[in-house]
Amino acid sequence: MKNKNQQIPVIIAHRGASGYRPEHTLAGYQLAIELGADYIEPDLVISKDGVLIARHENEISQTTDIAEHPEFAHLKTTKIIDGETITGWFTEDLTLAEIKTLTVRERIPEIRPQNTAYHGCLTIPTLEEIIKLATKYQVGIYPETKHPSYFQSISLPLELPLLKALSGIKVPIFIQSFEVTNLQELSQQTDLPLIQLINNVGKPYDFVVSGNLATYEDIITPIGLKKVAEYAQGIGVNKNLIVPRNENNQILPPTPLIKNAHAENLLVHAWTFRNENDFLPVDFYNYPEGEYELFFELGIDGVFSDFTDTAVMVKNK
């Protein structure tokens, strides 16, 4: 399977064991650990009183029961987040105590109806609770700062409380972000390894704010990767940047991205691996293991997976 000199890839539990439990819950992280994850991945936003919590977005109507709480009806509002107009309820408008009265919902119930069994049971965890869990089981933590420019603009920056929370933690850590400026600043403030996230469309939002014309496409060029290596230890990329797909959802020959990143001593972690045909290329319908096999063969250093057990099984073949 793997080249002789290749490192064994790490398995990153994407928002927890999201194929089996609603994402970003202690139950999901716990299950991922039991299934053999090397890292658990909390996306971080912040409460009104400055507490870091795990949600994929700061707008939480899709992943909690907040719409059913009349006491919070007055907080429904419309905001512009990273250039997008969004209506709903936002974590920065609620205290942690208020957030803890909510329960979590499955984000994609039409694809994962089994996870709706946990509606009404699970709450939003704090980063502190996630660190406690990871420390107990000695697994890595892989936090992502979500919308850092936005949170900076409302005087609720994520970076300082994150570094404070991670200080002295004795488990492996990566810090990731889709933005560039906050990672460059973090590189001056911490020795923890940093991962530049890269999508297959668009550009970092801090580039939009600053008027920088560069896109994610520019970042993955050899020159762009050389710049990334000045402040980060790796890249976390949309897997289509490594194995593209055509208009019929069939895979195309792999790109040289892994090779080019490794030439700059950058780790390459790819996202997101999911078992459902809704997310797979047609080449791997009903056989998600094949996608992992392909990426492991290409020399990937880590994968973000919703199905930790599948990823671990293929890695251990």
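The questions and answers below concern a predicted model.

Biologist: How many aromatic pairs does the structure hold?

Modeller: Two rings are counted as a pair if their centres lie within 6.5 Å. In this predicted model, the number of such aromatic pairs is 11.

Biologist: Is the pair formed by Y39 and F174 stacked, tilted or edge-to-face?

Modeller: The ring centres of Y39 and F174 are 5.3 Å apart. Planes under 30 degrees apart would count as stacked and those over 60 as edge-to-face. The angle between the planes of Y39 and F174 is 40°, and the pair is tilted.

Biologist: Which aromatic cluster includes Y39 and F174?

Modeller: Both Y39 and F174 are buried. They share one aromatic cluster with two further residues, and its members are Y39, Y142, F174 and F304.

Biologist: What kind of pair do the rings of Y150 and F151 form?

Modeller: Y150 has 10% relative accessibility and counts as buried. F151 is also buried, with a relative accessible area of 0%. The ring centres are 5.3 Å apart and the planes lie at 65°, so the pair of Y150 and F151 is edge-to-face.

Biologist: Which residues have the most contacts inside the largest nonpolar core?

Modeller: The largest nonpolar core has 80 residues. Helix α3 (residues 127-137) gives the largest share of this core, namely five residues. Those with the most contacts inside the core are I40, I235, I242 and I300.

Biologist: Which residues does I40 contact, leaving aside its neighbours within four places in sequence?

Modeller: A contact requires heavy atoms within 4.5 Å. With sequence neighbours set aside, the partners of I40 are A13, Y29, A32, I33, I130, A134, V139, G140, I141 and Y142.

Biologist: Which elements are included in what covers the buried residues of α1?

Modeller: Helix α1 spans residues 26-34, and its buried residues are G28, Y29, L31, A32 and I33. The cover over these residues includes β1 (10-14), β2, β4 (52-54), α3 and α12 (308-315).

Biologist: Is A27 buried, partly exposed or exposed?

Modeller: A27 is found in helix α1. Beyond its neighbours within four places in sequence, A27 is in contact with R21 and L122. Buried means under 20% relative accessible area and exposed means over 50%. A27 has 25% relative accessibility, so it counts as partly exposed.

Biologist: Which residues does T126 touch, not counting residues up to four places away in sequence?

Modeller: T126 is in the loop between α2 (96-99) and α3. At 8% relative accessibility, T126 counts as buried. Not counting the residues up to four places away, T126 touches V51, L52, I53, L96 and K100.

Biologist: Which residues lie nearest the centre of the largest pocket?

Modeller: The space in the largest pocket is about 740 Å³. Its lining has 34 residues, and the elements that give two or more residues to that lining are β6 (84-88), β8 (144-145), β9 and β12 (267-273). The lining residues nearest the centre are H56, E57, K146, F178 and N199.

Biologist: What volume does the largest cavity have?

Modeller: A search of the whole structure finds one cavity of 30 Å³ or more. The residues that line the largest cavity include K239, V243, I251 and F295. The volume of the largest cavity is about 40 Å³.

Biologist: Over the face of which ring does K239 lie?

Modeller: A charge sits over a ring only if it is within 6 Å of the ring centre and within 35 degrees of the ring normal. K239 lies at 4.7 Å from the ring centre of F273.

Biologist: Is N265 buried or exposed?

Modeller: N265 is in the loop between α10 and β12. Its phi is near 60°, a positive value in a residue other than glycine. The relative accessible area of N265 is 69%, so N265 is exposed.

How values were computed. Residues are numbered from 1 along each chain as its sequence is written. This is a predicted model: local features need pLDDT of at least 70, side-chain atom pairs count only at pLDDT 80 or more; totals for chains, interfaces and linings use all residues. Side-chain values use heavy atoms; hydrogens and water are left out. Rings of Phe, Tyr and Trp (its six-membered ring) pair if their centres lie within 6.5 Å; planes under 30 degrees apart count as stacked, over 60 as edge-to-face and the rest as tilted. Buried means under 20% relative accessible area, exposed over 50%, partly exposed in between (1.4 Å probe, protein chains only). A nonpolar core is a set of buried Ala, Val, Leu, Ile, Met, Phe, Trp, Tyr and Cys residues joined through side-chain atoms within 4.5 Å. Helices (H or I, at least four residues) and strands (E, at least two) are DSSP runs, numbered from the N terminus. On a 1 Å grid over the protein atoms alone, a cavity is a set of points where a 1.4 Å probe fits but cannot get out, and a pocket is an open set with protein on both sides within 12 Å along at least five of seven lines; lining residues have an atom within 4 Å of a point. Grid points are joined across faces, edges and corners, and a volume is the space filled by probe spheres set on the points.
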